[in-house]
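I opened this notebook to keep track of what I looked up in the structure, one topic at a time. The entries follow the order in which I went through them.

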Number of protein chains: 2
Amino acid sequence: MKISIAQINPILGDFEYNLNLIKMNIKKAQQESTDLLVFPECSLFGYHPMDLLGRKSIVREQINYIYKIEKIIPSNLCVIIGAITMNNNKCGKKYFNSAIVLRSRKPSKLFHKELLPAYDVFDEARHIEPGDLSKNIIKINDKKALITICEDIWGWTDSAGESYYSKNPLKKIKPKQVDLIINLSGSPFTLKKEKQRLRVTQETVKYFKAPMVYANLVGAQDEMIFDGSSLFLDKNGKIIHKLNQFKEDFQSVVLTTEMKAVSKKVPSKKNNIEKLRGALCLGIQDFATKTNLKSVHLGLSGGVDSALVAALAVDALGPEAVTALALPSKFNSSQSLKFAKAQSKNMNIKLHQLDINHIYHSIIKEIESQFGNIPFGLMHENAQARVRGSLLMAYSNLNHSLLLNTSNKSELTVGYSTLYGDLCGGLCPIGDLTKNLVYKMAQIYQEKYSWIPNGVITRPPSAELRPNQKDTDSLPSYDKLDPLVLSLIENKTTKKTTENTRILKMMMMSEFKRWQAPPILKVSSHAFGRGRRFPIAHRAIY
Amino acid sequence: MKISIAQINPILGDFEYNLNLIKMNIKKAQQESTDLLVFPECSLFGYHPMDLLGRKSIVREQINYIYKIEKIIPSNLCVIIGAITMNNNKCGKKYFNSAIVLRSRKPSKLFHKELLPAYDVFDEARHIEPGDLSKNIIKINDKKALITICEDIWGWTDSAGESYYSKNPLKKIKPKQVDLIINLSGSPFTLKKEKQRLRVTQETVKYFKAPMVYANLVGAQDEMIFDGSSLFLDKNGKIIHKLNQFKEDFQSVVLTTEMKAVSKKVPSKKNNIEKLRGALCLGIQDFATKTNLKSVHLGLSGGVDSALVAALAVDALGPEAVTALALPSKFNSSQSLKFAKAQSKNMNIKLHQLDINHIYHSIIKEIESQFGNIPFGLMHENAQARVRGSLLMAYSNLNHSLLLNTSNKSELTVGYSTLYGDLCGGLCPIGDLTKNLVYKMAQIYQEKYSWIPNGVITRPPSAELRPNQKDTDSLPSYDKLDPLVLSLIENKTTKKTTENTRILKMMMMSEFKRWQAPPILKVSSHAFGRGRRFPIAHRAIY
């Protein structure tokens, strides 16, 4: 029995585009004499649909496309595809998150997801009725296949015996009922995710003593980056084949008593920084493509954050699609502009230089004409950042170009940013990277590509909004701040020290800024954005 | 048996403040010889905690306060209070959403919420493990009381036999097991909510043939406005007493074979516009109070939206706390400034006038110096709005004042607003009102208070960002648009016409703006904000 995974990158709600992707992969499977072809979760709808499911007309349209797929299934090929289907009961949520088993001249069979994630970016219980895994077994060729969808295999307890779920629905099924485990996933990337996936797939394989096909989506959707990395595991939990990370792919195994990979090519191993690079480039690329924005731009300050975003943008979209704007003020060191110019030249991107001084002065003058002389302070700093924001957005208006925001996670945590100033943008590519990770990634673009001037990396970080400003004037050094950011945001615990409490308070008190931040590409287990739901008006500083 | 409801307004995470509220109400109950005192859902923690529950230290601190309450329970008084409690199982979510029954010299008893809402603004399943309602019966005096929490009573089918839930957990309990139904709620206001609450409380009463105590929170929390309106219903479903809407309150009934109200005072009936006024004033007041911002300001344009927001702000906080800024450009009619001045005078609030023309021109000049002459267009319109945004935010910085945003729901739906321009603000009070509702509310402040000049209401709506601009240049009239907004956003269905599809597309394509909008006070069943989760990068225009 030959089994293939079609690791595709669908576009949310573009059923015609997704149908074509599916068609091409079915044709390929037919050419390669595949017996069973598995697509990822929601591959017809695109993932994740969120409240698009609130509009019945959208789901109805997607269901029309299921009928179109049914008509193109060749004989001798079994296709399993993820889609949204109707719950026809009057009670319960309106839809199921389903796997559809399609075979020519046989009626299609539906199998529903049972475990619905309600953490991080996921809210599936809003629109999806849970299924019952004990009904999800179907004979394919001579194999009793268990059909699971994503979260269904995540109910195992961890090494401490703990689990987010009070019950593991897989345990309703006896191991001997199953010869082959199939999982359709829409599992987003984080640096730790591959290890976590291996744990749950291996736990599942171990329990059933059966081989497993794990088909994961690839592609980005707003904040979320689905990395692919689909897997075939044999009945001992050994990885027989792994599909590309961050790219569409099609791979097959032959399953007899053993499982064997058809191709010997395996994706090259990547270190964490290379993985982050792959993830963020895919995130930028897909956001631009899927919103029909062909070009991007950003303010290139001469600092490391914007240097990295510029490099990622060029890496993702090519230099023609990227424009830099240098927006120096009288507080910027002369180096800053020099670095911005050098980097633009290195990367072969356009650089426009706009002067913010006279605009800034006309704002201050107008304010002082009404409110009298005001000593230099926060208002003056923010005013500069907001002039830059206005100019960058004017460029968006003129060129239908996507403004990339350059905030990092360390700044975002403590609210070290100006709302409507440097928080402007349509997408924030590095908002889930601590400052130290920003430096590490920038080093790659300095060392391997010579895009980023070395001075950008070695100079002390500064917002350059007042004379001789350094980030360390008001923040701990990033070597101290970053571990604290991780413990505050990701582990959610902190030792009670004066310094920690100060940073915790800065985090809590700046929630109003993050509420209005652009979508942030998520690469950690706890990113700012839709997956983090904090109130603004509260007094819980513990 | 005398039963009292303490309808309180706790502050999220301020356990000391909430403890004091609870203490005062216990003292009052003692003075009035109450036998049973019921507080709303989560009244110790404040509601709704969202991802604050992700930090164990916060919950641990709240649990310390439960012990403090246990110590102050007087003899002969049974107190039921809503709080977060620990789930000590290794598997499942970490907490329960509980009602604690406290009696002196008896151990406290915990009862947990079973039905966890996963729609609109609610995500309780993120952190809360469901309880089992069949265990929620306790004898209080001689009554077998069923303890339920908010959503627990919302599982009934509607007139079409439909329900969001596949099972109604109340049906696990036999009517004869119950003499008295208690519900602790944190149910947010919408115009339709009182009617819906009456339906589910009466269904519950009808099923158990038992009287009911329905204790709801009052107070606002970011977008959500809890309106109170707690209820006592007798065993026939008749309302015996209703507590104040939008105010703290304490009321009692005596329950023998019949239920009788102690006080004869009932809250005065309000029409929809008066209810909206109460809701929005509470929303503004609590956001300001709970974030420690003592004053608010806004751009007063001479149009109806900002006129209404100014009136609501003065109504909520008094004239001393409100400052208006007039920011006319050369495109504003002379009337606009005249109206802004007249309204400020009528309401006795400060008005500052700032000129945006020279700032705007310095921006355009700088852009043209780099990109050449640009014919007047969207960029010029947005640039004006962003200069205003910058000046209004500068005022925030100078005076630690909360900028009120003045967008309405009709504009927000079609994206007729400038990101970082008129979308600036810390709170958007009228973002859930269609333009027609804005007019209706403004009329109250014109007719009853003479705050808003009549001309503001009668002039045709215009953004005044280019010569002789009218909203109808690019939008249908609001009489046509508003019903469409309601059908698109609240009912989520629309007839397929060219015009409807154009508006639907405008809505879908402007999601990136709403993603970055300030918190919007929610008064309808489907407001923009955290309760609506739409993707940006998608192509589902159906």
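**Sheet and helices of chain B.** Before reading any angle I noted that axes are lines fitted to C-alpha atoms, for helices over the stretch in contact, and that angles run from 0 to 180 degrees between N-to-C directions. I also kept in mind that this is a predicted model. With that in hand I looked at helix H1 (residues 15–31) of chain B, which lies across strand E1 (2–7), strand E2 (36–38), E3 and strand E14 (249–255) of chain B and runs at about 150° to E2(B). I then turned to helix H2 (residues 56–70) of chain B and found that H2 lies across E3, E4 and E5 of chain B, at about 160° to E3(B).

Next I asked in what order the strands of the open sheet in chain B are arranged. I read the order as E5-E4-E3-E2-E1-E14-E15, seven strands with mixed pairing. The edges are strand E5 (106–112) and strand E15 (259–261) of chain B, each of which pairs on one side only. On average, and with direction ignored, neighbouring strands of this sheet are turned by 30° against each other.

I took one pair for a closer look. Strand E3 (residues 78–86) and strand E4 (residues 95–103) of chain B run antiparallel and are joined by nine bridges. Within this pair I looked up Thr85(B), whose bridge partner in E4(B) is Phe96(B).

**Domains of chain A.** The domain assignment gives chain A a domain 1 (2–262) and a domain 2 (274–475 + 510–515). Taken over C-alpha atoms, the centres of domain 1 and domain 2 of chain A are 39 Å apart. Their contact takes nine residues from domain 1 of chain A and eight residues from domain 2 of chain A. On the side of domain 1 that touches domain 2, I found that strand E10 (218–221) and strand E11 (224–227) of chain A are the elements giving two or more residues. The residues of that side of domain 1 of chain A divide into six nonpolar, two polar and one charged.

**The two chains together.** I then asked how many residues of chain A are in contact with chain B. The count is 82 residues of chain A against 82 residues of chain B. The elements that give two or more residues to the chain A side are H2, helix H4 (272–290), helix H7 (357–371), helix H8 (378–399) and helix H14 (511–515) of chain A. The largest share, 12 residues, comes from H8(A). By class, this side of chain A has 37 nonpolar, 24 polar and 21 charged residues.

For the symmetry, I noted that chain A can be laid on chain B with an RMSD of 0.0 Å by a turn of 180° and a shift of 0.0 Å along the axis. That is the relation of a two-fold axis. The same surface serves both copies, since 100% of the contact residues of chain A recur in chain B. Gln516(A) is the residue of chain A that comes closest to the rotation axis, with its C-alpha at 2.1 Å.

**Backbone details.** Before this entry I recalled that most residues other than glycine have a negative phi, and most peptide bonds are trans. The peptide bond from Tyr47(A) to His48(A) is cis, with omega near 5°, and His48(A) is placed in the loop between strand E2 (36–38) and helix H2 (56–70) of chain A. In chain B, Tyr47(B) and His48(B) are likewise joined by a cis peptide bond, with omega about 5°.

Cys150(A) is not a glycine, yet has a positive phi of about 35°. Is Cys150(A) buried or exposed? Cys150(A) counts as buried, because 26 C-beta neighbours lie inside 10 Å and the cut-off is 20 or more. Asn468(B), also a residue other than glycine, has a positive phi near 55°, and I found Asn468(B) in the loop between helix H11 (454–458) and helix H12 (478–490) of chain B. With 9 C-beta neighbours inside 10 Å, Asn468(B) counts as exposed.

Technical notes
Residues are numbered from 1 along each chain as its sequence is written. Chains are lettered from A and ligands numbered from 1 in the order in which they are written. This is a predicted model: local features need pLDDT of at least 70, side-chain atom pairs count only at pLDDT 80 or more; totals for chains, interfaces and linings use all residues. Domain bounds come from an automatic or database domain assignment. Two residues are in contact if their C-beta atoms, placed from the backbone, lie within 7 Å. Helices (H or I, at least four residues) and strands (E, at least two) are DSSP runs, numbered from the N terminus. Ala, Val, Leu, Ile, Met, Phe, Trp, Tyr, Cys and Pro count as nonpolar, Asp, Glu, Lys and Arg as charged, and the others, Gly among them, as polar. Two strands pair if DSSP finds at least two bridges between them. Copies are superposed by least squares on the C-alpha atoms of residues with pLDDT of at least 70 in both. A residue is buried if 20 or more other C-beta atoms lie within 10 Å of its own, exposed if 12 or fewer, and partly exposed in between; C-beta atoms are placed from the backbone.
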